[in-house]
Amino acid sequence: NDLASLLDVTVNEIISVCMSLGMFVSINQRLDAEAITIIADEFGYEVEFTKADEDEETTEVEDAPEDLGPRAPIVTIMGHVDHGKTSLLDYIRSSKVTSGEAGGITQHIGAYDVRTDNGDKIAFLDTPGHEAFTAMRARGAKITDVAIIVIAADDSIMPQTKEAINHAQVAGVPMIFAINKVDKPNANPNKIKEELANMNLLIEEWGGKYQSQEISAKTGQGVDDLLEKVLLEAEILELKANPDRKAVGTVVEASLDKGRGYVSTVMIQNGTLKIGDIMLAGQHYGRVKAMFDHLGQKVQEAEPSTPVQVLGLSGAPQAGDILKVYETEREAREIANSREQINREQSMRTKKHITLDEIGRRLAIGSFKELNIIIKGDVDGSVEALSDSLLKLSKDEVSVSIIHKGVGQISESDVLLASASDAIILGFQVRPSTSAKRLAEQEEIEIRHYSIIYDAINQIKDAIEGMLEPEF
Ligand code: GDP
């Protein structure tokens, strides 16, 4: 999608070039540098990778083995709605306050870390569900080491459970199954284990390779054992980091706070972040002014696998952006500026308003629900006939609404209405006035002309089914 808008071609064109090269890609897939070069070449472009892009590729600086020490696992909790994700996160948070930091008041900052009774640290991402997990991954962030899949023992493996399992598997993140609500009289953990086995996910207890634990997020039963299993999984992964280098982390969330300015929660993944460090995240940079933990207490530094709230960035980065520390402010500023420029250029290329071609793109990223249409025609009969047929195209995922219809030329006011309500205009045997045409170009409003009702219906139908052939 991004590459299509950079090259000013449709997504379908990019996808078909990829297919001709034997790559089957989706609309929001990230392409590597080599693929981008080849595809751009097909469209007559030469690719030059700027510093900002290169920088993304090289965030993983190699550390010498002797500099590496163990780091705590970072865990995401996923599962079907109401199976107890939030309850588990809350139970762990309130029962395992990081030792030595007691006394603070819990702040929801998007992540927290705890110590188990044996003194081992575990960090949790506090936005349950696979949507956040996948949104981050779509931005290239690899932040989760272990996924806990919560399944309610009084229920079954549900669609979102399957989705969560899929997402973890695709990301290559090891899973631990937490079979929850075992305190309930109607709980049937064996049924869940059986359902897992039927999905080819055999748990250890039954001779398979997946760890599982019966828990109650309500009473706390089994939660300590679950955390031990997380640590065991982490041990197998041999998670390592070098606390003595400049920090690298991932933004978990960011906001503008009235009194404190831009506040970002960052999960530190390598190195140590210190007060005064020059940091860059997305297109924002600044010096670390202050840091707070999830209990709202001031900290001076943050080590690997520690989530912290950071003050001092010049703006709010996006969740999933990498935060990195730089030697000089000049370096950070230059990269920030070049990223800003790239973003500006990209957003200028993104279409402001809907077009039939754009529908497929928006459908694919799940941001399309309603198609607004304005119909102008030469005679009332055909306007009504077209309108009735188009309304019938509405389906569960996409509804079609005719926000205005009338007889006569397409006027400036039609275009303004389309602009205000993100609509397309269909002209049946009529054309726009010169001023309406100019305004439509300026506002990027699509006007389609038809002289056969059947053609109009077919094109709209194909578009909302995501099957419109791109026009070359
Ligand atoms: P989420 O949608 O997955 O975050 O689920 P919640 O944590 O909001 O839990 C859904 C409901 O199940 C709430 O009413 C919880 O109180 C309840 N619940 C969660 N865990 C348990 C448990 O272990 N035992 C019992 N009895 N109820 C639970």
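Where does Arg 93 lie? Arg 93 lies in helix H5. Helices here are DSSP runs of H or I with at least four residues, strands are runs of E with at least two, and both are numbered from the N terminus.

First, some ground rules. This is a predicted model, in which residues are numbered from 1 along each chain as its sequence is written, and side-chain values use heavy atoms, with hydrogens and water left out. Local features need pLDDT of at least 70, side-chain atom pairs count only at pLDDT 80 or more, and totals for chains, interfaces and linings use all residues.

Start with the whole chain. The chain has 15 helices and 22 strands. Of its 472 residues, 48% are buried. Buried means under 20% relative accessible area, exposed means over 50%, and partly exposed lies in between, with a 1.4 Å probe and protein chains only. The accessible surface of the chain is about 23300 Å². Carbon and sulfur atoms hold 47% of that surface. Such areas come from the Shrake-Rupley method with a 1.4 Å probe, and for residues only the protein chains shown count as cover. Now take contacts, meaning heavy atoms within 4.5 Å. Among contacts between residues at least 6 apart in sequence, 71% join residues at least 24 apart.

Return to helix H5, residues 85-95. At 6% relative accessibility, Arg 93 counts as buried. Setting aside neighbours within four places in sequence, Arg 93 is in contact with Thr 106, Gln 107, His 108, Tyr 112 and Asp 126. The C-alpha atoms of Arg 93 and Arg 115 are separated by 9.8 Å, and these residues are 22 apart along the chain.

Tyr 91 lies in helix H5 too. Is Tyr 91 buried or partly exposed? Tyr 91 is partly exposed, because its relative accessible area is 25%. Beyond neighbours within four places in sequence, Tyr 91 is in contact with Ala 217, Thr 219, Gly 220 and Val 223.

Next comes Lys 96, in the loop between H5 and strand S3 (111-115). Lys 96 has a relative accessible area of 9%, so it is buried. Which side chain does the side chain of Lys 96 join in a polar contact of 2.9 Å? The partner is Asp 224. A polar contact is a pair of N or O atoms within 3.5 Å; within protein, one must be able to donate a hydrogen and the other to accept it, and residues adjacent in sequence count only if both atoms are side-chain atoms. Again leaving aside neighbours within four places, the contacts of Lys 96 include Val 114, Arg 115, Asp 224 and Leu 227.

Asp 82 is in the loop between strand S2 (74-79) and H5. Its relative accessible area is 64%, so Asp 82 is exposed. Most residues other than glycine have a negative phi. Asp 82 has a positive phi of about 70 degrees although it is not a glycine.

Now turn to the ligand. How many residues surround the ligand? There are 15, and the closest are Asp 82, Lys 85, Thr 86, Ser 87 and Asp 183. A residue is near a molecule if one of its heavy atoms lies within 4 Å of it. Helix H5 gives the most to this shell, with three residues. The shell divides into two nonpolar, seven polar and six charged residues. An oxygen atom of the ligand is 3.0 Å from an N or O atom in the side chain of Lys 181. A ligand oxygen is also 2.9 Å from a polar backbone atom of Ala 217. The protein covers 71% of the 580 Å² of accessible area that the ligand has on its own.

Last, look at the nonpolar cores. A nonpolar core is a set of buried Ala, Val, Leu, Ile, Met, Phe, Trp, Tyr and Cys residues joined through side-chain atoms within 4.5 Å. In the largest, of 23 residues, Leu 371, Ile 373, Leu 390, Ile 424 and Ile 460 touch the most other members. Helix H15 (453-464) is one of the elements that give it two or more residues. H15 gives the most to this core, with five residues. A second, separate core of 21 residues includes Ile 122, Phe 124, Ala 217 and Leu 231.

Note on methods. Nonpolar A, V, L, I, M, F, W, Y, C, P; charged D, E, K, R; others polar.
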